[in-house]
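Student: I'd like to go through this model and ask what stands behind each label. Can we start with the pocket?

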Amino acid sequence: MGMDLTGQRVLVVGGSKYLGEAVARKAAEAGASVVVGARALDQARAAADTLADATAIRIDVTDEASIAAAAADLGSVDHVVITASAHHNVPVTDLDKSETVAAFDAKVIGPLLVAKHFAPRMPPTGSIVLFSGVAAWSPAPPFTVMGVTNGAVSFLATHLAHELAPIRVNAISPGIVDSGTWDALGDEAKKNLLADAAKSNLAGRAGTREDIADAALWLIGAGFVSGETIHVEGGARYA
Ligand SMILES: NC(=O)c1ccc[n+]([C@@H]2O[C@H](COP(=O)([O-])OP(=O)(O)OC[C@H]3O[C@@H](n4cnc5c(N)ncnc54)[C@H](OP(=O)(O)O)[C@@H]3O)[C@@H](O)[C@H]2O)c1
């Protein structure tokens, strides 16, 4: 039998598409009352409309006023999942300062501010799931900013877990996952990326949305796990 989230309210920031959408769908299937958070309210509504018991809210993790407004509007939530990212993948010699700051804003500072506004509205049994990524453990240009922001997310999970206890805070570190975000590369480049990923992990395949959504739901229910980063990457760090 799968997890039962009946009576639990789960906010998924970045829940209108890709991995966030998969987590929102899985949480709804488990009986949760889901809140789909996205920068574009119409996209959040469109995603929420496809789920059994879901509402939509505008939330931009780089805009503290929108986080505060969403928290005040929702009142309380049991679990928060945050998938936001703004990657700046260029060689260090080509870094743009504002895009570098934006990358930290989306992945590190934004989730900190979500914790600031939502933790006081969460029960002691609540949890937060952050998104790190395998690039943190595989230094390779031009992914330095991505690697460092993902690494910071992992530390953020541990520090928030300590400060917000007994609310649990954990991170998922996906490997390369066919989430939908890679569609922007075009068919050929995406195919090559996923094939390369399959060759560079122990599972011999790229990750799926299901792999990550399963891990997120498990972390939501794992009452004795806090401060951890769960690597859902097919063993890529050991290949
Ligand atoms: N897919 C992979 O292979 C992979 C690998 C390693 C790590 N990860 C991590 O997993 C997470 C999810 O990745 P993904 O594959 O689903 O694709 P993604 O393109 O990173 O998705 C980001 C999500 O966050 C939303 N978002 C972006 N900026 C936001 C902001 N300022 N405020 C609120 N929401 C914002 C996006 O929606 P809108 O743009 O519509 O607002 C989208 O729903 C990311 O943190 C990513 O770094 C993914």
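Student: Which helices each supply at least two residues of the lining of the largest pocket?

Tutor: Helix H1 (18-29), helix H4 (97-118), helix H5 (144-164) and helix H6 (187-199). Helices here are DSSP runs of H or I with at least four residues, strands are E runs of at least two, and both are numbered from the N terminus. Bear in mind that this is a predicted model, where local features need pLDDT of at least 70, side-chain atom pairs count only at pLDDT 80 or more, and totals for chains, interfaces and linings use all residues. Residues are numbered from 1 along each chain as its sequence is written, and side-chain values use heavy atoms, with hydrogens and water left out.

Student: What makes a set of points a pocket?

Tutor: On a 1 Å grid over the protein atoms alone, a pocket is an open set of points with protein on both sides within 12 Å along at least five of seven lines; a 1.4 Å probe that fits but cannot get out marks a cavity instead. Lining residues have an atom within 4 Å of a point. The largest pocket has 48 of them, and Ser85, His87, Met146, Thr181 and Trp182 lie nearest its centre.

Student: How do you know what takes up the space of the largest pocket?

Tutor: A molecule sits in a pocket if more than half of its atoms lie within 2 Å of the grid points. The ligand takes the space of the largest pocket.

Student: Which residues of the shell are closest to the ligand?

Tutor: Arg39, Ser85, Lys107, Ser179 and Thr181, out of 26 residues that surround the ligand. A residue counts as near if one of its heavy atoms lies within 4 Å.

Student: What makes the peptide bond from Pro141 to Pro142 worth a look?

Tutor: That bond is cis, with omega near 10°, and Pro142 is in the loop between strand S5 (127-131) and H5. Another cis bond joins Ala165 and Pro166, with omega about 10°; Pro166 is in the loop between H5 and strand S6 (168-174).
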